[in-house]
Amino acid sequence: MDTIKKSLRHTPAMRWLMLLLISGLTFGTYWFQDFFGGLKTIMENDMGFTSEEFGRLIGLTTIANMFGMIIVGGIILDKWGVRMAGIVFGGIATLGASITALASAGFFGEDHSTMLNMMILGRILFGSGLEVVCVVATRTAVKWFKGYELALAMALNMGLGRLGSAMGIALAPDIANGSVPSAVTFAATLIGIALIMFLIYSVFDIKLDRQEKVEGAEEDGEDFKFSDLVKLITNKSFLFIALLCVAFYSAVFPFIQYAPDILINKFEFSILLPENGNIELFGSTSLGNASVFVALYIFAIAFAAIPKQIKNINTRRVYMAVIALLFAGFLASIWDVMGIWLQNGSKTAALIPLGTIIFTPIFGSYVDSKGKAASLMILGALLLIFAHVSMSLFNYDWLAYLGLISLGIAFSLVPAAMWPSVAKIVAENRLGTAYASMFTIQNWGLGLFFWGIGAMVDWFNPKIVAAKQAIADQLHAFNLKDNTITTIRNGLQDIGLASGQEREVIQEMRFDEISTQLAANNSPEKVDEVMNYLSSLGEIPAYDYTYPILALVGLGVISIYLAFQLKKADAKQRYGLELPSGQTPDDE
Ligand SMILES: C[C@H](N)C(=O)N[C@@H](CCCCN)C(=O)O
């Protein structure tokens, strides 16, 4: 007993401090993975990106993982332990993020292709660290929390990842303020800070290792083995769940990247928040807006993850009532601003990852106590189809909100049912191989759809793409500060007279209205601002997203087929996916 008392991880404050230190990497990498989603319009206006180039930048982030980086990372993790793996792969992610930031600021050259290619190089490096860093964080949580509040620690860590995604998407346009490099540099700095936090963690990790050796504790070894892989892929249930993982996540993560742009183009949501849509804290609107997300995260955890820790039922009820009251007060205080946020592309899209923080632990508890995992995956796939159909084939705001809510529920439901099911299908000593191979093929699907959706947007909207580029090029050619509204208008009229694909769109423009509006808006000085005005006036038509989203409906249909096949295979192979946690069909 004496030795147990001496180990750092047996002190609650130490465990939670360690969780905070390691979760920085989860938060920072998820932010960096997703924040470009909030910047797509600004990247088009300010940097001349097409949707295909945007998709290529995001899609190629997965390339190292497609070709086995997760497997290599897993092997290194097993050989070197969490400390070294975290430092090496966190370092690679930080280096990649820094290169992306420098490239976006024109450090390697200011021409479009140099910027794009160097940003891609940075993202490839970042992606090489990304997935392994997430596994490191999970393994580290196990190392410190096994025998203690492991489920809560994992929920908090995953929740911080989702919070990173949500804040990245929602706040990137505010941080950029019309200039992409500021937002990229901010995102890269977050990973840098997270790496420093991990280095501080490492000092405690060394100490724990010394202490735990005294206790004789070992890390749980889940090495990747090719012989295990062969056994896994001949198992029908595993095959169906792995393919479901590819199809489902490919319909969700890429959609989230494009969701702000879809809401802006298809449902006419705002690109930037109007002044009265900002919340101020200590004189800063970025801080104020960010604080809303942090508060929502705290409420989500308080509702979904903490009650399980309270054993006394009466205490739990009082606790829930107090949290509900506080939440109602908080909502009332931001009610008006929320109305404006729900009309803004990036703020609304950010609610999808944010919602999962509350719903995933709730569905996770349901799966633990009642089972029905395979049926819930079928339900999740159905919700996914509804979400994408409602946003591709229809044009109603209320239906889009319903679609987004369904997507948020599906995004909480399927992972909550899927990941514990893998643990039922696969023996514990093969779990490392199972997750590594699932993540590897998942990255093929993600890469294809991140890139493919952008390519499809360009493919189905050639005239709008050409017109946007011609207008942005013309505006960049001016020094807006030195030009009058009349010069801008005449310049736009000139390209309207030119030949080319863009001609049709530009000739439709109502130039008098453009001048009046630009003048009324205090003669904007940034290309991005002028482009946004033109879009808000309807002078630049919106992209048609129908077919790109319909492709995701196809993934939903594949998901539902796979979920049914999984249920059938489970009935034969008797893994008990429909049973509560800890029960097997033989117990019945
Ligand atoms: C993209 C990444 N490979 C992924 O699948 N992330 C999952 C979390 C998986 C956690 C498994 N214990 C996600 O839902 O973000």
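A polar contact here is a pair of N or O atoms within 3.5 Å, where, within protein, one atom must be able to donate a hydrogen and the other to accept it. By that rule, 10 residue pairs are in polar contact across the interface of domain 1 and domain 2, with both partners at pLDDT 80 or more. The model in question is a predicted one.

So much for the opening count; now for the two parts themselves. The domain assignment puts 11-214, 229-272, 344-461 and 544-580 of the protein chain into domain 1, while 463-536 make up domain 2. Taken over C-alpha atoms, the centres of the two domains sit 37 Å apart. Where the domains meet, 14 residues of domain 1 touch 12 residues of domain 2.

As for area, about 1100 Å² gets buried between domain 1 and domain 2, and 45% of that is on carbon and sulfur atoms. On the domain 1 side, a trio stands out: N45, I271 and N461 supply 47% of the area that domain 1 buries against domain 2, more than any other three residues.

Charge pairing also turns up, with a count of one salt bridge between the domains. E44 and K468 bring their side chains together in a salt bridge, at 3.1 Å from N to O.

Methods: Residues numbered from 1 in each chain as written. Predicted model: local features only at pLDDT ≥ 70, side-chain atom pairs only at ≥ 80, totals over all residues. Heavy atoms only, no water. Domains from an automatic or database assignment. Contact = heavy atoms within 4.5 Å. Buried area = accessible area lost by both parts, 1.4 Å probe. Salt bridge = Lys/Arg side-chain N within 4 Å of Asp/Glu carboxyl O. Polar contact = N/O pair within 3.5 Å; in protein donor to acceptor, adjacent residues only side chain to side chain.
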